[in-house]
Amino acid sequence: ALSKVTGKEIHYEGFSPDFVRQQSEDLAIMYEWFNSDGYTADLVALRPYGFLSFEQWVQKQDWSALG
């Protein structure tokens, strides 16, 4: 969605949990939880209340700072 809207090649590059753990044990635990359980929501049920899909949100942003 980001590449499509901005016209720039954008891809995810992760980093190892060990790298995060070297910086902060608490941060590592938090990211492990995001990856294993994380937050959940019924996104379709939220749309009538103005909740946007990720692509809709991306389209509404000003990406001009990316040059």
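R21 is partly exposed, with a relative accessible area of 28%, where buried means under 20% relative accessible area, exposed over 50% and partly exposed in between (1.4 Å probe, protein chains only). The model is predicted, so that local features need pLDDT of at least 70 and side-chain atom pairs count only at pLDDT 80 or more, while totals for chains, interfaces and linings use all residues. Residues are numbered from 1 along each chain as its sequence is written, and side-chain values use heavy atoms, with hydrogens and water left out.

R21 takes part in a salt bridge with E32, in which the closest N and O atoms are 2.7 Å apart; a salt bridge is a side-chain nitrogen of Lys or Arg within 4 Å of a carboxyl oxygen of Asp or Glu. Because E32 lies in helix α3 and R21 in helix α2, the pair ties together parts that are eleven residues apart in sequence. Helices (H or I, at least four residues) and strands (E, at least two) are DSSP runs, numbered from the N terminus. R21 also forms a salt bridge with E25, and here the closest N and O atoms are 2.9 Å apart. Through shared partners, the salt bridges join R21, E25 and E32 into one network.

In total, three salt bridges are counted by this rule. Side chains of opposite charge can pair when their charged atoms come close. Another of these pairs is formed by the side chains of K4 and E55, with an N to O distance of 2.8 Å. K4 lies in helix α1 and E55 in helix α5 (residues 54-60), so this pair ties together parts that are 51 residues apart in sequence. K4 is exposed, with a relative accessible area of 62%, whereas E55 is partly exposed at 29%.

The secondary structure of the protein consists of five helices and zero strands, and the pattern along the sequence reads α-α-α-α-α. The radius of gyration is 16 Å, well over the 11 Å that the globule rule gives for 67 residues, so the protein is more spread out than a compact globule. This radius is taken over C-alpha atoms, and the globule rule is 2.2 Å times the number of residues to the power 0.38. Along the principal axes, the C-alpha trace spans about 35 × 35 × 15 Å. Buried residues account for 9% of the 67 residues.

The accessible surface of the protein amounts to about 5900 Å², and 55% of this area belongs to carbon and sulfur atoms. Accessible areas come from the Shrake-Rupley method with a 1.4 Å probe; for residues, only the protein chains shown count as cover. A nonpolar patch on the surface is formed by F15, F19, L27, M30, Y31, W33, F34 and Y39, which together have about 820 Å² of accessible area. Patches are made of residues with over 30% relative accessible area and no salt bridge, like charges being joined within 9 Å and nonpolar side chains (Val, Leu, Ile, Met, Phe, Trp, Tyr) within 5 Å. Helix α3 (residues 25-36) supplies the largest share of the nonpolar patch, five residues. M30 lies in this helix, α3, and is partly exposed, with a relative accessible area of 34%.

S36 is likewise found in helix α3 and is exposed, with a relative accessible area of 53%. Between S36 and E55, which are 19 residues apart along the chain, the C-alpha atoms are separated by 24 Å. S16 lies in the loop between α1 (2-6) and α2 (17-23) and counts as partly exposed at 37% relative accessibility. S16 and D26 are ten residues apart in sequence, and their C-alpha to C-alpha distance is 15 Å.
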